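Trainee: I am new to this structure. Please take one part and go through it closely with me.

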Amino acid sequence: MSSTEATRCRFDFQRGLATVLGIGILLLAFFNTLLHWQLFGLSSQTFAALATLAGSLVLWLFVATDWPSLLTLVSLGLIPEMTYGQVSQWSFGNTTFVFLLFTFVMTYALNQTSFLKRVTSKVIHSRFAMSRPSHFITAFLGVVLLLSSVISPTVIFMFLLPLFEEICLQFDWKKGDPSASHLLVAMFITIAIGTAITPINHVFAITAMGLYTALSKVAISNWQYMQFAIPAGLALFLVLLASIRFLFTIDTKDVQIRELDSLTGLAPVDKRERWIVGLFLGMVAMWLIPEIFATVFPSFATFFKQAGIMFPPLLMTGILALLKVDNKPLVNISEAISKGVHWPSMLLVGSTLALGTVLSNEKIGVVALLNEQLSPFVVGLSPVWMVLFFVVWAGVQTNFTSNLVTVSVVTTMALTIYQSAGSRFSANIAVICCGIGYMASLAFVTAPAMPYVAISIGSEWTNSRTTFLFGCWMLLWSILSAIAIFYPLGVLVLR
């Protein structure tokens with residue numbers, strides 16, 4: 001048996017073991033409820049909720065995210081005091097779920113145009129970028145940051161990877177070259193930073209904010225989040241630029257710059273592209289402009305605030321499907337939903353939203369249990385140490401496990417502890433939830449952190465060692481940016 005086959009067999013065995021363990025825990029929760037056991041001295045509903053959390057985590061982290069999410073919903077509906085009607089409302093009927101669904105559709109429509117290529121070409125073929133190689137690299141990473149701030153991270157990575165390979169070809173870099181390795185790692189770290197600085201098209205911050213809103217009934221707007229996330233992210237981006245200049249260096253002394261072939265000779269902008277780009281930008285504007293002009297047009301701002309974050313993508317998707325160019329709709333809804341929506345992520349978001357709601361329900365008893373066990377430790381911390389506790393927890397976990405699982409679990413635990421502690425919780429819980437979403441987006445240390453990290457390592461343009469060292473260095477600065485910039489500004493904005 002070859003080493004590859006042996007590794008695959010070992011992986012299959014571990015995955016099979018995790019499957020048996022995870023399903024076994026969920027079944028234990030069911031039989032505990034059915035037979036009215038009092039395992040570990042806990043009530044049936046408390047044990048069932050905690051067992052559902054534990055079994056779901058095992059399956060999510062080591063097996064998959066799609067079908068285990070469905071088992072999570074099944075298990076939640078079996079808990080005493082809960083009904084499947086409530087579970088469906090908290091998951092698939094949640095505003096966050098609907099927002100993500102139609103935002104995926106809008107992004108799919110945008111990706112059917114040449115808009116992203118036009119923006120990229122405009123920046124990296126500018127006079128500044130073409131003046132010297134170091135400026136070219138800076139411009140390239142700058143446009144990566146810009147695009148990734150409004151486009152789903154995996155989608156934008158798959159768009160950028162061929163451009164990266166074209167740059168390596170132009171610079172005469174081969175696989176295994178340190179400069180190519182450092183540029184690729186810097187590229188996907190930049191994507192992570194872009195993901196962290198806005199909730200637009202990004203599931204992690206939106207999930208954290210959605211969990212907070214579900215408990216507090218107070219919404220955090222995209223504009224509010226961006227007021228403290230963008231400064232923190234830009235500071236982190238400057239650290240990244242300094243790092244590739246002085247620490248993880250990119251050697252550009254002997255390279256020649258010329259325009260990238262794939263970004264030249266693009267077809268002229270047509271009517272279809274104008275409509276799609278205009279509607280996409282209109283969706284973004286509807287999230288941001290009403291709040292900016294709230295003092296000038298108060299009734300206008302109030303309407304959009306009451307409509308919520310799902311209204312702009314819902315409206316614009318409807319318009320895209322309604323309008324036709326050359327007797328063809330701007331977007332085919334069925335095609336966009338089947339090809340443009342990442343359903344494993346959607347199922348995970350829906351199940352974690354429902355799980356978070358159940359765990360924070362006072363009737364279930366988890367809040368009271370945490371109040372007795374974990375709350376004394378967390379509540380005893382000063383505000384700074386309390387923020388550090390959740391930021392480090394989210395930052396470390398997201399870089400070694402699924403970041404969507406991280407944001408769901410850490411935010412849920414933070415909210416549950418806050419609910420049990422009440423006035424003794426000295427930090428700003430709204431900003432902490434946003435900070436967890438911010439840190440969960442900054443996943444770039446190991447292959448399990450994000451698909452683009454695994455793809456990068458598998459491409460052989462970089463390796464696990466470089467990714468780990470560079471990633472740990474930037475993770476440290478990510479934590480510092482969250483504590484020194486993100487949280488203080490967040491407190492000012494969400495006071």
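Is E273 buried or exposed, and at what relative accessibility?

Mentor: E273 is buried, at 6% relative accessibility. Buried means under 20% relative accessible area, exposed over 50%, and partly exposed in between, using a 1.4 Å probe and protein chains only. A word on the basis: this is a predicted model, where local features need pLDDT of at least 70, side-chain atom pairs count only at pLDDT 80 or more, and totals for chains, interfaces and linings use all residues. Residues are numbered from 1 along each chain as its sequence is written, and side-chain values use heavy atoms, leaving out hydrogens and water.

Now the partner. E273 forms a salt bridge with R118, with 2.8 Å between the closest N and O atoms. The pair links distant parts of the chain: R118 sits in helix 6 (residues 115-124), E273 in helix 13, and 155 residues separate them. Helices here are DSSP runs (H or I, at least four residues), numbered from the N terminus. A salt bridge needs a side-chain nitrogen of Lys or Arg within 4 Å of a carboxyl oxygen of Asp or Glu. Side chains of opposite charge can pair when their charged atoms come close.

The count by this rule is 2 salt bridges. D172 and K174 also meet in one, at 3.0 Å from N to O. D172 is exposed at 55% relative accessibility. K174 is exposed too, at 53%.

Look also at the loop between helix 12 (222-246) and helix 13 (271-292), where D261 is found. D261 is exposed, with a relative accessible area of 59%. D261 and E166 lie 95 residues apart in sequence, yet 8.3 Å apart in space, C-alpha to C-alpha.

Notes: Helix = DSSP H or I, 4+ residues; strand = E, 2+ residues; numbered from the N terminus.
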